[in-house]
Amino acid sequence: MSYKYRCLVLSYSLALLFAGILLTSCMAAPTPELIIRTEIIEKTVVEAPTDGASEAFPPIATPSLAPTPETTPLPAVPEERLMVLEWPPKIRVGDSDLIILTLELDEEGNLSATAQFEDHQVRSSQVQIPNLYDTHNVVAQARLDMAGVEFSPQGEISEPMRPGVPVKFTWSVLPRQVGSYRGTLWLHLQFIPLDGGESSRQALSAQVIDIEAVNLFGVGGVPARFIGAVGTVVGALLSMDKIGGWIWRAIKTVLPKTKSKNDAE
Amino acid sequence: MDAQKIRRLIGIVILLISLALLIWGLWPFGDLVRTVPIDPQDMQLPTDEGLLLELFWGYM
């Protein structure tokens, strides 16, 4: 095997090995879509035993947020919504990415309430619940708290919530240093009475998100792309210097043919 | 080994390292999506009694 051939094989093998290691470290595992379902926990009343001791400890009544026949149901937003949170688990240092929070409408979008009766049986039935949109302006408010990264906009973002209209919040995140960053995304609803009364606020959700800022041997996203582009051109010119000559010869052979064809016409 | 061979070898190494940097710089890492359903019961008008019950039972 000639010396030149051995050098060529060795250099290509090393480069392929390096590129392969790099690609496998960069390839992210398929990210599964996380679906978290909230569970409604039904509390049950435990009847105390009929003895003298039970008189000292009367049974504790179980509170329920479901409407009872005796009380007027509380006004509520008459639609089921989905909170969809989308965020990047990994960002290159110096690059920015988006965190998006959307309050979408559920596929069915219907309101189905349960009524709890005195015998503690739960029966599903259509209950007339006052429409909150008729008496209040509903405003969705979202706030991102994350230390160590730059994000915009800061503070709380407010968006009016209208019936049947999804609400979207977007933050731009820019990590300046390598590290793991954990933040909390808060979602509140503010109810402003149409008749000018005092507004009230309710927390809907607090979601924790983790973002990892990475670099490659100390090189961030923008420098890596710049060095990669320049180095590709330089490396191509150094290693494939004959290609320039071949392209020039090809151009020279094509140009005289077209010039003579135009002269004949 | 003459200068031309060394130049080509260096060019190949620079080319491959640069391609690796370029691929890493442009590789999409992808996003995570979390979907949480919100019940209409959670979007009810808060009352003083409801607030007290929530504080007592730690419901949030």
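At 70% relative accessibility, A:Phe217 counts as exposed in this predicted model, because the cut-off for an exposed residue is a relative accessible area over 50%. The residue belongs to the loop that runs between strand 12 (200-214) and helix 4 of chain A. Its backbone carries a further feature: phi of A:Phe217 is near 50°, which is a positive value in a residue other than glycine. The two elements that flank this loop are described in turn below, beginning with the helix.

Helix 4 of chain A contains 19 residues. From its first C-alpha to its last, helix 4 of chain A reaches 26 Å, close to the 27 Å expected at 1.5 Å a residue. The buried residues of this helix are A:Gly221, A:Ala224, A:Gly228, A:Gly231, A:Thr232, A:Gly235 and A:Ser239. When helix 4 of chain A is viewed down its axis, these buried residues fall within an arc of 115°, so they line one face of the helix. On the other side of helix 4 of chain A, A:Phe226 and A:Leu237 are exposed.

Helix 4 of chain A (residues 221-239) also takes part in a contact between the chains, where it packs with helix 1 of chain B (residues 3-26). In general, the packing of two helices is described by the angle between their axes together with the distance between those axes. For helix 4 of chain A and helix 1 of chain B, the angle is about 150° and the axes are 7 Å apart. That angle makes helix 4 of chain A roughly antiparallel to helix 1 of chain B, since angles over 145 degrees are placed in this class. The contact of helix 4 of chain A with helix 1 of chain B comprises, by class, 13 nonpolar, nine polar and three charged residues. The crossing of helix 4 of chain A with helix 1 of chain B is left-handed.

Helix 1 of chain B has 24 residues. The distance from the first C-alpha of helix 1 of chain B to the last is 34 Å, close to the 34 Å expected at 1.5 Å a residue. Within helix 1 of chain B, the buried residues are B:Gly11, B:Ile12, B:Leu15, B:Ser18, B:Ala20, B:Leu21, B:Trp24 and B:Gly25.

Attention now returns to chain A and to strand 12. A:Ala203 is placed in this strand of chain A, and with a relative accessible area of 27% A:Ala203 is partly exposed. The C-alpha atoms of A:Ala203 and A:Trp186 are separated by 7.7 Å, although the two residues are 17 residues apart along the chain. A:Asp210 is likewise found in strand 12 of chain A, where it counts as partly exposed at 35% relative accessibility. A:Asp210 and A:Gly183 are 27 residues apart along the chain, and their C-alpha atoms are separated by 6.5 Å. A:Glu212 is also part of strand 12 of chain A. The relative accessible area of A:Glu212 is 35%, and the residue is therefore partly exposed. In sequence, A:Glu212 and A:Gly179 are 33 residues apart, whereas in space they are 5.8 Å apart from C-alpha to C-alpha.

Two further loops of chain A were examined. A:Ala76 lies in the loop between helix 2 (52-56) and strand 2 (81-87) of chain A. A:Ala76 counts as buried because its relative accessibility is 3%, and the cut-off for a buried residue is under 20%. The C-alpha atom of A:Ala76 is separated by 5.8 Å from that of A:Asn131, a residue 55 residues apart from A:Ala76 along the chain. The other loop, between strand 8 (150-152) and strand 9 (156-161) of chain A, holds A:Pro153. The peptide bond from A:Ser152 to A:Pro153 is cis, with omega near 0°.

Definitions and conventions:
Residues are numbered from 1 along each chain as its sequence is written. Chains are lettered from A and ligands numbered from 1 in the order in which they are written. This is a predicted model: local features need pLDDT of at least 70, side-chain atom pairs count only at pLDDT 80 or more; totals for chains, interfaces and linings use all residues. Side-chain values use heavy atoms; hydrogens and water are left out. Axes are lines fitted to C-alpha atoms, for helices over the stretch in contact, and angles run from 0 to 180 degrees between N-to-C directions. Helices (H or I, at least four residues) and strands (E, at least two) are DSSP runs, numbered from the N terminus. Angles under 35 degrees count as roughly parallel, over 145 as roughly antiparallel, 65 to 115 as roughly perpendicular and the rest as oblique. A crossing is left-handed if the near helix is turned anticlockwise from the far one by less than a right angle, and right-handed if clockwise. Ala, Val, Leu, Ile, Met, Phe, Trp, Tyr, Cys and Pro count as nonpolar, Asp, Glu, Lys and Arg as charged, and the others, Gly among them, as polar. The expected span of a helix is 1.5 Å times one less than its number of residues. Buried means under 20% relative accessible area, exposed over 50%, partly exposed in between (1.4 Å probe, protein chains only). The arc is that of the directions from the helix axis to the C-beta atoms.
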